[in-house]
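Subject: Structure handover

Dear colleague,

Please find the structure below. My notes on it follow.

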Amino acid sequence: MFCGAVRLVCAQSVLFYSHSVCKRIFHCPRISFRRAAFTAQFLQLSTEISSGPMMEETGANPASVLTGEKRSFPDEDPDHTAKRLRVEEEEEEEQSRGGKDEGEQLDEEEELCEEEEEEESFADMMKHGLSEADVGILKFISEHKGFSGILKERYSDFVVHEISKEGKTVRLDDLSVPADVEENSPDCSAAEVQVLTEEQKQQLDELQLFKNKEGSVAIEVQEDSKEKRTLLHKAVKTLYPGLETKTEDRQGKKFIVAYHAAGKKALAEVRPSAAPRKHSWPKNRGSFCHFVLYKENKDTMDAINILSKFLRVRPNMFSYMGTKDKRAITVQEIAVLKISAERLSHLNKCLMNLKLGNFSYKKHPLKLGELQGNHFTVVLRNISGSLEQVEQAMTSLRETGFINYYGMQRFGTTAVPTHRVGRAILQNNWKEVVDLILKPRPGAEKGYLVKCREEWARSQDPEAALKKLPVKRCVEGQLLRGLSKYGKNNIITAFGLIPRNNRLMYIHSYQSYVWNSMVSRRMEAFGLRAVEGDLVLRGASAHVLSAEEAEKHSIHDVVMPLPGFDVIYPTHSVGRGYRDMMSADDLDIDNMRHKVRDYSLAGAYRRILIRPRDVSWELIQYDDPRVPLVHTDVEKLENAPAPVYLKEGKYRALKMEFSLPSSTYATMAVREVLKMDTSIKNQTQLNTSWLN
């Protein structure tokens, strides 16, 4: 039934994951198991892997999935909860630890619980999604027969290590603080440590480690003086990152009250300061502390938001070379302005699924795009392919590579693909832009978004529709806020309230759609050889190959343009295809400058084939689907034993490793190995009969 196409969700992965994702999207324990299972599948498939990540699940009791009960972790040592990175908490608990404002989370949950629309199953809703063919992904280049396997049954099956611009693979292998920091650190003196009693330290430890997140610890100020209070405030905030303090009068006595910076009350009362706290900073030390961030099941921005709340600084104090997705174990370099390695190291005591290390001081921050790429370790479980099929598939990946398509993540997961919005922007059709973003749409969406869209369709009143949104920072909320502020006759200005990167995402998605479509046409027409009229790069410029030159070049030299005003096009039939396709979209390929400068597209060139580096693979036998099959950086640091692979087992897995340049999609490499359609729509339909 599944031959030739991957089964991305198996019975176990659905059971393990469906409870938390059901709570996250629908947040109703009454929701049907069938819908929860499809929701799990949807979230698993919609995660981006573009030269960067995804993640795992641990076993949950099926009964807890069906009844909405909280998972238990019998293996867990209660005294070491915070140090245990492989713990799987419910999704809402993870988010409350920094991913979202608590007030917003509660409002969302109330809205979501009202949205129990049982009349349409998740499978039915995903029929409205995109398939690969809808975004131009049509061709394979390998000749082997496809086989099935389970991608990301656990998030630890997908491990990503960043590759720096110097070509070094970033790894977490040192948790120590640089020696010069320990000598010069002004953060905490012996006098400050001594002002706290052992009992107070124990209470603060428990508060910091989430054991009493919504509680507080009151410390009476003996022999009250401003100096004594200041010393207590500083001792608590320095020794216990993530805790805030305030002074209170209680029955004529002064108390220093410590409470959790990630708790509901704290988020309502405390706002991050505009700049780092004023600790003295040695002049001979670089202003930026660089460190390696190891994270599990969190995307990069979620992790940075958590760190910023614990350190009480704004997220823009952090810089990084690339964002990594949620459902993976990922390792990357981060830099932060004037926060000491010692303070960062303290966070390892209280953070869940995050670990910081490899500290150093430098004079410069990190810049987006500075990385060379990413190294992937991917486990495909329960594969059906024979040894011969696997060898053929992986040898082809190593020697020939895969078509460098933009993956499905580039085009969104709902019934309104992002490239359609991008096309409307380029057409200067602003009414359609608003309509596409705000109109009701079929498919899976959060309840409050459904209500917002319905209100907009009914009243066309931006203020009324905005009131339906508990979270105003989404694209819909930002657009409605702009329409409310500037009026419906000033859409361009209103649209400008959406962050620039989000706005550009739409037009870049359209470029990607055209590129995918034209590359499929080129592969169909000319196959795996360079031909007259193809383009190759000479320096930063593109050159059209003559017939004689084409004989001296391989398919790996050939590039194709993303449409724009500063590129040239192939001179063979595919070049004419660009013009025909864009003309059909009512766009002039010779005039890609927009009256709004941000939306003028210069274009770029992209290689049509990518041959991964450092490709290796092995077949693994295993019995227990819950057992991790990858040895992580944290496990190595803790001297945990490496996974033991069986000589014979119930199941087989394909473990593969490869490195890709930035802006390349690992899903497209996996697609080529398995020969599958990676779209949510297709995978949901493949699994419908199994779930029934």
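In this predicted model, Arg420, Val421, Ala424 and Ile425 of helix H15 are in contact with Trp430, Glu432, Val433, Leu436 and Ile437 of helix H16 (contact: heavy atoms within 4.5 Å; helices: DSSP runs of H or I, at least four residues, numbered from the N terminus). Seven of the residues in this contact are nonpolar, none is polar and two are charged (nonpolar: Ala, Val, Leu, Ile, Met, Phe, Trp, Tyr, Cys and Pro; charged: Asp, Glu, Lys and Arg; polar: the others, Gly among them).

H15 spans residues 418–426 and H16 residues 430–438; their axes lie 8 Å apart at an angle of about 160° (lines fitted to C-alpha atoms over the stretch in contact; angles from 0 to 180 degrees between N-to-C directions). H15 is therefore roughly antiparallel to H16 (an angle over 145 degrees).

In H16, Trp430, Val433, Val434, Leu436, Ile437 and Leu438 are buried (under 20% relative accessible area, 1.4 Å probe, protein chains only). These buried residues pack against H15 and also against helices H17 (447–459), H19 (475–486), H20 (491–495) and H21 (500–526).

On confidence: mean pLDDT (the predictor's confidence in each residue, from 0 to 100) is 78 for the protein, with 73% of residues at 70 or more. Residues 1–120 stay under 50, and residues 264–278 are also below 50. Where pLDDT is low, the predicted coordinates should not be read in detail.

Residues are numbered from 1 along each chain as its sequence is written, and side-chain values use heavy atoms, without hydrogens and water. Local features need pLDDT of at least 70 and side-chain atom pairs 80 or more, while totals for chains, interfaces and linings use all residues.

Regards

Definitions and conventions:
Helix = DSSP H or I, 4+ residues; strand = E, 2+ residues; numbered from the N terminus. Parallel < 35°, antiparallel > 145°, perpendicular 65-115°, else oblique. Buried < 20%, exposed > 50% of the residue type's maximum accessible area, 1.4 Å probe, protein only.
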